[in-house]
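Q: I'm new to this one and would like a close look at its aromatic rings. Could you walk me through what sits around them?

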Amino acid sequence: NHLHPIKIFAAVLLMVLCGHSAYAQHPYFYTLHDDNGLPSNEVYQLQQDGFGYMWIGCNAGLYRYDGYKFQGYNNTKQNSIAISGLKVSPTQQMYCQNFGGQIFYIKNDSLLLFMDLKERTRAHPPYTIDKQGNIWIGLPEGILKRDINGKEELLFKGQLYINDIKPYDDGSIYVSDIAKGLVHIYKDNSGTYQCKKIAGVPEAFTNSRTTIETKGDHIYALSTTNAERNYFVTSIQRDTARLIKYMPKNSIA
């Protein structure tokens with residue numbers, strides 16, 4: 001079963017807020033919903049920036065919450081209002097995307113259009129930001145890398161069909177691919193990007209939806225098979241994966 005987006009939002013928000021007003025073993029907390037200020041109960045993603053603001057991507061758009069009020073952001077060039085894909089750059093700049101192939105960023109307290117990819121993809125493409133500030137975008141034609149100066153490079157043209165993409169501390173990139181499973185992208189000694197399939201990936205990762213998360217030195221992948229709804233958690237070390245937990249259908253509340 002899947003948790004409703006507002007349940008996810010409430011759970012995370014409560015953990016954040018209760019730490020600010022704790023009295024011994026009796027923390028104070030309150031719930032936000034559309035009756036008391038939350039712009040929409042259909043929340044897709046939450047992200048906290050380095051300044052402590054909570055950013056909310058929902059079907060009503062992008063909002064920033066400072067603990068007291070919500071501030072909305074929009075752009076006249078938006079072809080879709082709903083927002084997800086919230087990411088914070090190394091310079092604490094907030095990025096987000098809509099479901100119409102557009103990526104935006106916040107500058108001078110305004111929502112600005114970063115890239116319009118609606119002619120190159122039918123949906124919202126997976127993207128990430130590495131520690132150098134490079135933007136990596138998974139497109140049907142390959143991986144588009146755009147550096148901080150706006151220079152673009154298309155890598156692995158026609159080789160990958162990407163579900164998720166995440167940077168690692170060493171500058172390499174990990175990708176979940178529908179056909180190949182998990183892939184490691186890195187520069188060799190000549191400075192050329194290489195694409196290596198990760199060994200040990202469970203067969204179930206093929207033709208499934210996989211999300212990659214990095215926690216310190218550890219890399220994890222959560223995969224769910226599209227038909228059976230079975231879940232697999234895999235630990236990745238460099239170019240080798242190891243299945244650490246299998247959760248069959250109906251085992252997750």
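A: Let's start with R146, which lies over the face of F114, at 4.7 Å from the ring centre. A charge counts as sitting over a ring if NZ of Lys or CZ of Arg is within 6 Å of the ring centre and within 35 degrees of the ring normal. F114 also belongs to one aromatic cluster, together with Y95 and Y105. Another charge over a ring turns up at Y53, where the charged end of R64 sits 4.2 Å from the ring's centre.

A quick word on the background: this is a predicted model, where local features need pLDDT of at least 70, side-chain atom pairs count only at pLDDT 80 or more, and totals for chains, interfaces and linings use all residues. Residues are numbered from 1 along each chain as its sequence is written, and side-chain values use heavy atoms, with hydrogens and water left out.

Rings of Phe, Tyr and Trp (its six-membered ring) pair if their centres lie within 6.5 Å; planes under 30 degrees apart are stacked, over 60 edge-to-face, and the rest tilted. One of the pairs is Y65 with F70, stacked at 4.5 Å centre to centre with 25° between the planes. Y65 is buried, with a relative accessible area of 5%, while F70 is partly exposed at 21% (buried is under 20%, exposed over 50%, partly exposed in between, using a 1.4 Å probe and protein chains only).

F232 and Y246 make a tilted pair, 5.0 Å centre to centre and 40° between the planes. F232 is buried at 11%; Y246 is partly exposed at 42%.
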